Amino acid sequence: MQEIRVLDSHTGGEPTRVVLDGGPDLGTGPLADRVRRFREQFDHYRSAIVNEPRGSDVMVGALLVPPSDPTCQAGVIFFNNVGYLGMCGHGTMGLAVTLAHLGRLQPGDLRLDTPVGPVTATLHAGGSVSVANVPSYRKVKAATIDVPGVGRVTGDVAWAGNWFFLVGDHGQALDLARVEALTDYSWRIRQAVNAQGYPEVDHVELFGPGGVGSHSRNFVLCPGKAYDRSPCGTGTSAKLACLAADDKLAEDQPWIQESILGSRFVGRYRWIDRTAGTIAPVVTGTAHVNAEATLLIDETDPFRWGIR
Ligand code: PYC
């Protein structure tokens with residue numbers, strides 16, 4: 001049987017499955033080219049690793065690859081139940097604690113090549129991880145969309161390694177007990193946003209008041225209709241870009257973002273180009289390893305490559 005060795009972790013409740021051995025050989029070249037090769041020639045590996053019956057809709061996979069950028073020590077391609085992510089903040093934290101668990105990473109910096117550019121994971125002595133994400137910016141302020149079955153919804157479009165539509169004024173209670181209703185609401189927004197001028201957006205993020213000690217709670221709907229159990233590292237970066245553009249958060253000030261579960265990230269930013277509205281976000285959180293496994297690909301199993 002073919003074997004794929006993985007190590008699982010979760011970051012604020014959101015799982016990451018790092019492929020240690022047995023993944024596809026994507027060759028060399030820029031990571032943007034290698035992710036294309038992954039999608040076109042080896043997509044069955046993605047499905048085998050994160051989809052049922054071994055995984056679930058919420059699982060995010062991380063394939064370690066040699067870097068192409070000479071300033072990086074490793075490369076990583078993140079993927080989920082429906083495709084590939086540009087970047088993944090919670091997954092980068094999960095990757096760092098996974099490598100630390102294996103004795104491959106000591107406290108300090110790990111520069112990682114991703115399909116959307118280099119990022120740095122800093123493992124702190126206490127075990128938390130800071131992710132210096134790719135340059136992030138708000139593309140559109142206050143786009144109003146007609147959402148069938150919902151009405152007019154206004155939100156910002158922002159880039160932070162993935163594309164987000166961020167909505168503050170939605171009238172929804174952000175409670176874990178309302179996940180199904182929030183998923184339906186956000187999915188309608190996603191479809192309308194895609195149809196009405198922003199086909200690139202694949203994450204929808206709703207914001208509401210946070211609990212004691214946090215600035216905000218969010219609900220993030222991921223591309224494959226699963227909600228992010230963590231506050232979403234790229235989603236928090238997108239929020240920082242909007243706060244910076246609106247002059248609502250100063251450089252280096254902490255923004256405590258709570259997830260729908262109540263798990264927290266702390267975000268901070270520095271301006272890269274104030275006129276262009278581009279920031280360098282850093283998001284800090286905590287991840288824990290929780291399983292080691294060898295996935296078996298049995299030739300006689302009709303679902304050996306996952307349920308697709
Ligand atoms: O933490 O950036 C993130 C993320 C993206 C999708 C799920 N988590």
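Are Tyr45 and Trp305 buried or exposed? In this predicted model, Tyr45 is buried, and Trp305 is buried as well.

## Aromatic pairs

The structure holds nine aromatic pairs. One of them joins Tyr45 and Trp305 in a tilted arrangement, with 5.1 Å from centre to centre and 55° between the planes. Tyr45 belongs to helix α2 (residues 43-50), whereas Trp305 lies in the segment after β17 (287-297), so this pair ties together parts that are 260 residues apart in sequence.

Phe79 and Tyr84 also pair: their ring centres are 6.4 Å apart and their planes meet at 50°, so this pair is tilted. Phe79 counts as buried because its relative accessibility is 0%. Tyr84 has a relative accessibility of 13% and therefore counts as buried, the cut-off being under 20%. Through ring pairs, Phe79 and Tyr84 are linked with Phe38 into a cluster.

## Charges over rings

Two lysines are described here. The charged end of Lys139 sits over the ring of Trp163, at 5.4 Å from the ring centre. The charged end of Lys239 sits over the ring of Phe207, at 4.2 Å from the ring centre.

His90 is part of helix α3, which covers residues 89-101. With a relative accessible area of 2%, His90 is buried.

Which residues are in contact with His90, leaving aside its neighbours within four places in sequence? They are Thr11, Glu14, Pro15, Thr16, Val60, Ser230, Gly233 and Phe265.

Key. Residues numbered from 1 in each chain as written. Predicted model: local features only at pLDDT ≥ 70, side-chain atom pairs only at ≥ 80, totals over all residues. Heavy atoms only, no water. Helix = DSSP H or I, 4+ residues; strand = E, 2+ residues; numbered from the N terminus. Buried < 20%, exposed > 50% of the residue type's maximum accessible area, 1.4 Å probe, protein only. Contact = heavy atoms within 4.5 Å. Phe/Tyr/Trp six-rings, centres within 6.5 Å; stacked < 30°, edge-to-face > 60°. Lys NZ or Arg CZ within 6 Å of the ring centre and 35° of its normal.
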